[in-house]
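Here is a friendly briefing to read with the model open beside you.

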Amino acid sequence: MSSIKDVLAPPNEEGTRATILKWCKAVGDSVVKDEPLVELETDKVTVEVPAPASGTLIEVLKPQSAEVSPDEVLARLRLPGESTLSAESPASTAAAKIDTSRAAANARADSELLSPSVRRLLQEHVIAPGAINGTGRNGRVTAQDVIRHVAQANHVAQASHAARATQVSPVAPLPAAAKVHRADASTLVPHTAMRRRVTEHMVRSLNEAPHVTTLFEADLSRVLKHRALHAKGYESRGARLTLTAYFISACVRALRAHPEVNATFRADAMELHGDVNIGVGTALGDKGLIVPVIHRAHELSLFQIAQRLHQAVEAARTGKLSPQDVRGGTFTISNHGVGGSLLAAPIVINQPQVAILGVGKVERRVCVIDAPDGESIAVRSMCYLTLTIDHRALDAFQANAFLSLVIKTLEQWPDAAEALQD
């Protein structure tokens with residue numbers, strides 16, 4: 001006899017949905033316990049779901065691109081049982097053959113399942129699935145297959161129309177601009193699960209929280225001098241010393257002094273967090289944005305922060321972050337200046353946090369500075385810092401006090417950050 005084992009979507013603390021990214025096995029394949037069976041994509045990370053037991057994949061309940069909830073059944077496995085061939089009758093053997101044929105038919109049907117985006121494209125262009133040769137797994141039709149088919153059909157139709165027009169009456173050649181316009185074709189690129197979740201999260205944040213942004217300017221001359229002295233030494237010890245590490249350190253000091261910024265706004269109360277867990281927005285090119293978290297940053301030296309930050313960013317860009325790596329953030333930093341941006345406002349708050357720091361590009365600017373004999377003109381390495389707050393939780397006075405301390409820590413480095421050991 002044999003039994004059936006359900007394959008469940010993994011639970012998570014936030015209860016968020018995920019999307020089937022790809023199946024690593026097809027119906028009918030043998031699987032080994034703990035072998036990767038299916039990949040799920042959330043707004044934050046890609047998670048492999050291992051096989052809960054050894055057996056045969058007999059049913060896939062959720063096709064590629066389908067959305068799933070925690071603990072939802074994704075597939076079913078038939079577990080190996082004791083052999084009963086000696087006790088089988090001819091009738092049972094025939095029945096087994098019928099079952100095998102049915103299983104094969106089901107396997108073929110499962111391999112032809114279409115993702116929601118593909119079904120939508122087929123409906124929009126009134127195309128039968130059988131009219132397209134699929135290039136996906138097991139011949140499955142993909143969104144790119146549909147887009148390519150539509151583009152080819154349009155090209156053939158345009159060529160046919162032009163040929164008929166030429167036969168009916170001679171016409172003057174189209175202007176170059178018109179030819180380019182006719183030849184250009186739009187491309188429909190379905191949103192990834194990450195992009196959809198980021199969209200939902202950003203819209204919810206803007207709808208729920210009244211955003212207010214305060215703007216300061218920071219002189220990073222002393223930070224840059226410190227970095228020039230220590231960067232090689234840090235690198236020799238396995239840490240890349242970036243400016244973001246200094247911003248994290250400065251925020252740690254300010255968040256400890258102003259715990260109301262290191263908080264979560266709730267309908268009936270403000271939750272002030274004991275741990276300082278700072279997330280760092282990390283761009284993944286056209287794939288979206290992810291926020292790995294430096295947990296318990298208040299316990300780390302500048303070197304340890306730099307080391308953790310380097311590891312987190314590398315893991316984010318290589319798709320190796322775990323769900324724990326992106327959970328539990330209490331404050332977020334968005335260093336948009338790495339892309340050349342001087343100022344961005346408002347930067348959307350990473351809910352349910354109550355504030356987010358924006359860091360602009362560092363550039364050399366002429367400034368008026370205090371000197372022993374009065375004021376003088378000097379060139380300094382400056383950057384704009386913004387703090388966008390949830391105005392339900394914080395007021396301008398609190399935001400300005402927090403950001404003032406961040407600025408002071410950076411401009412007086414390392415004197416103002418003496419508690420942070422290198």
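Strand β2 (residues 18-23) and β7 run antiparallel and are joined by two bridges. One of the residues involved is Thr19, whose bridge partner in β7 is Glu67. Please keep in mind as you look around that this is a predicted model.

**The sheet around β2**
- β2 and β7 belong to an open sheet of four strands, with the order β5-β4-β2-β7 and antiparallel pairing.
- The edges are taken by β5 (46-50) and β7 (67-68); each has a single partner strand, so one side of each has no neighbour in the sheet.
- Helix α5 (residues 193-208) packs on this sheet, where it touches β2, β4 (36-41) and β7.
- The direction of α5 makes about 175° with that of β2.

**The protein as a whole**
- The secondary structure comprises nine helices and 19 strands.
- The protein has 422 residues, of which 38% count as buried.
- Among contacts with a separation of 6 or more, 65% are between residues 24 or more positions apart.

- Helix α7 (residues 243-257) packs with helix α8 (residues 302-317) at an angle of about 125°, and their axes are 9 Å apart.
- With that angle, α7 and α8 are oblique to each other.
- Their crossing is right-handed.
- On the α7 side, the contact is made by Thr244, Ala245, Tyr246, Ile248 and Ser249.
- On the α8 side, Leu302, Ile305, Ala306 and Leu309 take part.

- To find His336, go to the loop between β16 (331-334) and β17 (355-359).
- Is His336 buried or exposed? His336 counts as buried, because its relative accessibility is 17% and the cut-off for buried is under 20%.
- The side chain of His336 makes a polar contact of 2.9 Å with the side chain of Ser341.
- Leaving aside neighbours within four places in sequence, the residues in contact with His336 are Ser341, Leu342, Leu343, Ala344, Ile347, Gly358, Val359 and Gly360.

**Thr409 in helix α9**
- Thr409 sits in helix α9 (residues 396-411).
- With a relative accessible area of 0%, Thr409 is buried.
- Along the chain, Thr409 and Ala254 are 155 residues apart, yet their C-alpha atoms are separated by 8.6 Å.

**Backbone features to look at**
- Why pick these residues out? Most residues other than glycine have a negative phi, and most peptide bonds are trans.
- Ala345 and Pro346 are joined by a cis peptide bond, with omega about -10°.
- Pro346 is in the loop between β16 and β17, the loop that also holds His336.
- A cis peptide bond also links Trp413 and Pro414, and here omega is about 0°.
- Pro414 lies in the segment after α9.
- Asp71 is not a glycine, but its phi is positive, near 70°.
- Asp71 is placed in the loop between β7 and β8 (73-78), and with a relative accessible area of 47% Asp71 is partly exposed.
- Arg296, likewise not a glycine, has a positive phi of about 50°.
- Look for Arg296 in the loop between β15 (293-294) and α8; at 34% relative accessibility, Arg296 counts as partly exposed.

Conventions:
Residues are numbered from 1 along each chain as its sequence is written. This is a predicted model: local features need pLDDT of at least 70, side-chain atom pairs count only at pLDDT 80 or more; totals for chains, interfaces and linings use all residues. Side-chain values use heavy atoms; hydrogens and water are left out. Buried means under 20% relative accessible area, exposed over 50%, partly exposed in between (1.4 Å probe, protein chains only). A polar contact is a pair of N or O atoms within 3.5 Å; within protein, one must be able to donate a hydrogen and the other to accept it, and residues adjacent in sequence count only if both atoms are side-chain atoms. Contact means heavy atoms within 4.5 Å. Two strands pair if DSSP finds at least two bridges between them. Axes are lines fitted to C-alpha atoms, for helices over the stretch in contact, and angles run from 0 to 180 degrees between N-to-C directions. Angles under 35 degrees count as roughly parallel, over 145 as roughly antiparallel, 65 to 115 as roughly perpendicular and the rest as oblique. A crossing is left-handed if the near helix is turned anticlockwise from the far one by less than a right angle, and right-handed if clockwise.
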